[in-house]
Amino acid sequence: RPADDWWRSAVVYQVYPRSFADANGDGTGDVNGIRARLPYLADLGIDAIWISPWYPSPLLDGGYDVSDYRDINPDFGTLADADALIAEAHALGLRILIDLVPNHCSWEHPWFKAALAAGKGSPERDLFWFRDGKDGGLPPTNWPAAFGGGAWQQIDDGQWYLHLFDISQPDWNWDNPTVIEEFDAILRFWFDRGIDGFRIDVADSMAKDPALPDVPLHNGEPTREKYVGNPFYDQPGVHTIHQRWRAIADEYADTPQGPRVFVAEAWLSPAERLAQYVRSNELHSAFNFDVLRCAWDAKELREVIDHTTENLWAVGAPATWVLSNHDTIRHRTRYGRDQRDALEGAGVVPTDLELGRGRARAAALLELALPGGAYVYQGDELALPEVENLPEDVLDDPTWERSGHTVRGRDGCRVPIPWSGSGPPFGFGPGTDQPWLPQPANWSALTAETQANDPDSHLNLYKAALRIRRSHPALGEGRLTWDDEAPAGVLSFTRDSFRCLVNLSDVPIPLPPHQQLLLSSEPLTGNRLPVDATAWLQL
Ligand code: ISL
C-alpha cells in the first residue's frame, strides 16, 4: 500500500509512559525504557506507537496536565532521549504518534501563572476563561467538571476560571489568536522533530459557546451528557481549528515520511457525529469507542460495527477499533465481569487469572480482522486484567463523589507492565522496590518473558495475528460481508478469501467449509469452534 496511507489500516500500540518500562530504576517509566523495548514492539508486529503525554507536568492528571508543550518531563527523560526514540523507532519501521492536549494546560504552565498574577481584564487572563461570578457568589455557569464538582474555580480577587477537568487544568480560550498561534507552533515543533502525528485529546471540546448558557439538570445535577447543543462539547468552532491543523500537517507532504496525521479522541456518539471530525479537510481518523462500550453480545457488536463503518466510510475515513485504553476498565476484566456473574450464579468461583481471558483472545482476533485501524493498549497483548484491589493509599488518579457514591480513578488499568521475573517489579525497572503503582504478586505467569516462551500464550496469539494481518491481502482496509446464514450468537464475515468467525453463543459450532484454518483463539474440539473463541479461515 502507498506509504502515505499507512494510517488507514495501522495497528497502533498505546504506550502510557509512566507505566511502560523504567530504564533508570526510579519506579517510574521513562523514554529510555520505551527505547529499550522498541525491539519487543517491532517483533510484536505493530505499525505505530502512540505515546500518552510525556511533557513536563505535575502529573495531577497523569500528564494530561501539561506545563510545557515543548519539552519532556524530567522524570521521563530529555528531548535528546525523545529524538533518539523517534530515530530508533523509524529505523525499526515503527511510526511515532504523540499526544496533544489542546483543551487545557496545567496550572503550572507559565502563561496560567502569569494570568493569575496579571489581574482582571488583562490580556494574560484572556488566554483562559476568567469570568466574574453571578450574584450571590455563584460561578458563571452550572457546568460540571469531569472529575466531580463544578467546572469553575474561584481565585483570590473573586474571578473564576474554567476547568472542564481537574481544578489543576485551566481551559485555554480558543477564541484568542495567541492560543491558536501557539498551538500552530507546537505542532511544527514536534513535526520538525520527526513525529508522524498526534492523538488529539478531547478533540471535541476546545470551542465554547461564548454566551455561556447553563446546562440542563438530570436527576437534580447539571448533566455531563454531550447532548446536541452542549455549550462546551462539539461546538462548530472545533472544526475551524481542525481544518487549520490539517493544513499544517499537509505542509509536510513532501518530506520523506509523507504527510503527518491526526487521530481524534472524542467520545461522541452516534457515529454520525463522530464522522464530522474526519471529513477530508479535518482530522484523519478518530477513535471509535462504540465497540468498547458493547457487551460481549453478537447482535450488539454487529450493529455497532455496521453503524460505524457506514458513517466513517461515508466521509472517506477509515474505521478504527478500540477495546481498551488508559481511561477504561481493561476489556479482559469488562468481559470477565459478566462471566463471573454467570459462573458464580452456577456455583463456580473462577480465578482472576482465567476470568475473561478467552473472551479477550476472541475479541483480539475480531478487532484485528475488522477493516481499518486498530488500537492496542499496552499490556492487552499480555491479557493483563484490571487491578481491582489497589490499596486506597496508593491510588493516584483523582477520586471523587458523585450522586452519593465514590468514583474511583483509573489507576487499575495503569499498573506497570510485568516484563520478566517472578515478583515485583517484574523487570519493569532495575530496582527491587515496587514501582509507582504496585503490581499484583501473582503476575509472573503474565510476564512478557513467560509468554514469549509459551506458544499458546496471549502474546503469541497477537504476534501470529499481526503476522497474518500484514501478509494477508484481504486484511487491513477494505469492506466486509456478513454471513447471514451464521447460527444465532455467531459473528461471521468474509473479506474476499478470508473469513472471521466469532462464537459468542453458548455451544461449540462447526466450522463452515474452508481451505485452511489460519488461526484460532482456542484449540478446536472435534472441528468445532469452542464458546468464546474466534477462528480465521482461508476460503
Ligand atoms: O474517560 C472517559 C470515559 O471513560 C472520557 O470521558 C474521558 O475523560 C475524556 O474523553 C477525556 O479523556 C482524556 O482527557 C482527559 C484525561 O484525563 C484522559 O486521561 C484523557 O484520555 C483530560 O485531559
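Visitor: Which residue in β18 is the bridge partner of Ser-492?

Guide: In this predicted model, strand β17 (residues 490-495) pairs with β18 in the antiparallel sense, over 6 bridges. Within β18, Ser-492 has as its bridge partner Leu-501.

Visitor: Which residue in the turn of the hairpin formed by β17 and β18 has a positive phi?

Guide: The hairpin of β17 and β18 leaves 2 residues between the strands. With a phi of about 50 degrees, the turn residue in question is Asp-496.

Visitor: Which residue in β22 stands opposite Asn-503?

Guide: β18 also pairs with strand β22 (residues 533-538), in the antiparallel sense and over 6 bridges. In β22, the residue opposite Asn-503 is Ala-533.

Visitor: Why is strand β18 (residues 498-503) largely enclosed by the rest of the structure?

Guide: One side of β18 carries Phe-498, Cys-500 and Val-502, and the other carries Arg-499, Leu-501 and Asn-503. Both faces are covered. The strand is largely enclosed because the number of its residues that are buried is 6 of the 6.

Visitor: How many residues of the shell around the ligand are charged?

Guide: The residues surrounding the ligand include Asp-61, Asp-201, Glu-265 and Asp-327, as well as Tyr-64, Trp-267 and His-326. The shell has 6 nonpolar and 2 polar residues, and its charged residues number 4.

How values were computed:
Residues are numbered from 1 along each chain as its sequence is written. This is a predicted model: local features need pLDDT of at least 70, side-chain atom pairs count only at pLDDT 80 or more; totals for chains, interfaces and linings use all residues. A residue is near a molecule or strand if its C-beta atom, placed from the backbone, lies within 6 Å of it. Ala, Val, Leu, Ile, Met, Phe, Trp, Tyr, Cys and Pro count as nonpolar, Asp, Glu, Lys and Arg as charged, and the others, Gly among them, as polar. A residue is buried if 20 or more other C-beta atoms lie within 10 Å of its own, exposed if 12 or fewer, and partly exposed in between; C-beta atoms are placed from the backbone. Helices (H or I, at least four residues) and strands (E, at least two) are DSSP runs, numbered from the N terminus. Two strands pair if DSSP finds at least two bridges between them.
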